[in-house]
Amino acid sequence: AGEISIFHTGYIKKERQEKKKSERNIKLIEAELKENPYDFEMWGYLGNEYDNADEWEAAEETYRKSISLMPEHLDEFDVNASMTYLRLLNLLIRRPGSEEAAVMEVYGEAVKRRPMEADYDYLAGQYQASIGNYPAGEKHLRRALEILEQHRNTGKSMLLSAKILKAYELLAI
């Protein structure tokens, strides 16, 4: 009886398609930014594309540019602003070599600007637990759950809402 080996290449093709899509989107967004260089939402979208392409330095720089252009007073339901902070925070957490101080600085600014968003504390709680700071992790997770309970999730706290069981599991640990 002979042996059969199967080499699945479907994901490689999908990866190439995603890269081409990101390259196309980057060009389109950059063209829009030439017309409207102060559009913080477009800068956030550009950061998303760089992040999707694993160009982390460019993504971080672009997210920070987006944040610097945000108006002082953001609409309570401005999901784009919330997502820009969330994606920057997530990028810093998962990128090798990120300093805790840099992660927590972005967290602090995000919470200050978007106080009803529980996802920042959810990510900070996961992060603190992952680096062994369990008391801080617990504090952030409890705060995230309190914010969610108080403000619900109308346009906010989408990540925590989707992963609420994981938050409680992490608290139990």
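Asp54 sits in the loop between helix 2 and helix 3. Helices here are DSSP runs (H or I, at least four residues), strands are E runs of at least two, and both are numbered from the N terminus. This is a predicted model, where local features need pLDDT of at least 70, side-chain atom pairs count only at pLDDT 80 or more, and totals for chains, interfaces and linings use all residues. Residues are numbered from 1 along each chain as its sequence is written, and side-chain values use heavy atoms, with hydrogens and water left out.

**Overall fold**
- The chain has nine helices and zero strands.
- Its pattern along the sequence is α-α-α-α-α-α-α-α-α.
- Of its 173 residues, 38% count as buried. Buried means under 20% relative accessible area, exposed means over 50%, and partly exposed lies in between (1.4 Å probe, protein chains only).
- Among contacts with a separation of 6 or more, 59% join residues 24 or more positions apart. Contact means heavy atoms within 4.5 Å.

- Asp54 has a positive phi of about 60° although it is not a glycine.
- Most residues other than glycine have a negative phi.
- Asp54 counts as exposed, at 53% relative accessibility.

**Nonpolar cores**
- A nonpolar core is a set of buried Ala, Val, Leu, Ile, Met, Phe, Trp, Tyr and Cys residues joined through side-chain atoms within 4.5 Å.
- The largest such core holds 30 residues, of which Leu46, Met70, Leu88, Leu89, Tyr107 and Tyr120 touch the most other members.
- Two or more residues each come from helix 1 (10-35), helix 2 (40-52), helix 3 (56-69), helix 4 (79-94), helix 5 (100-113) and helix 6 (119-130).
- Helix 4 gives the largest share, seven residues.
- Another core, of nine residues, lies apart from this one and includes Ala118, Tyr122, Leu145 and Leu148.

**Leu88 and Glu60**
- Leu88 touches Glu60, Tyr63, Arg64, Ile67 and Val106, leaving out residues up to four places away in sequence.
- Glu60 belongs to helix 3. Glu60 is buried, with a relative accessible area of 16%.
- Beyond its neighbours within four places in sequence, Glu60 contacts Leu88, Leu91, Leu92 and Arg95.

- The buried residues are Phe40, Met42, Trp43, Gly44, Leu46, Gly47, Asn48, Glu49, Tyr50 and Asp51.
- At 1.5 Å a residue, helix 2 should span 18 Å, and its end C-alpha atoms are 18 Å apart, which agrees. The expected span is 1.5 Å times one less than the number of residues.
- Ile29 lies in helix 1 and is buried, with a relative accessible area of 11%.
- Ile29 touches Met42, Tyr45, Leu46 and Glu49, not counting residues up to four places away in sequence.
- Ile29 and Met42 are 13 residues apart in sequence and 6.6 Å apart in space, C-alpha to C-alpha.

**Helix 7 against helix 9**
- The axes of helix 7 (residues 134-151) and helix 9 (residues 164-172) come within 10 Å and cross at roughly 145°. Axes are lines fitted to C-alpha atoms, for helices over the stretch in contact, with angles from 0 to 180 degrees between N-to-C directions.
- Glu138, Leu141, Arg142, Leu145 and Leu148 in helix 7 meet Ile164, Ala167, Tyr168, Leu170 and Leu171 in helix 9.
- This contact has eight nonpolar, no polar and two charged residues. Ala, Val, Leu, Ile, Met, Phe, Trp, Tyr, Cys and Pro count as nonpolar, Asp, Glu, Lys and Arg as charged, and the others, Gly among them, as polar.
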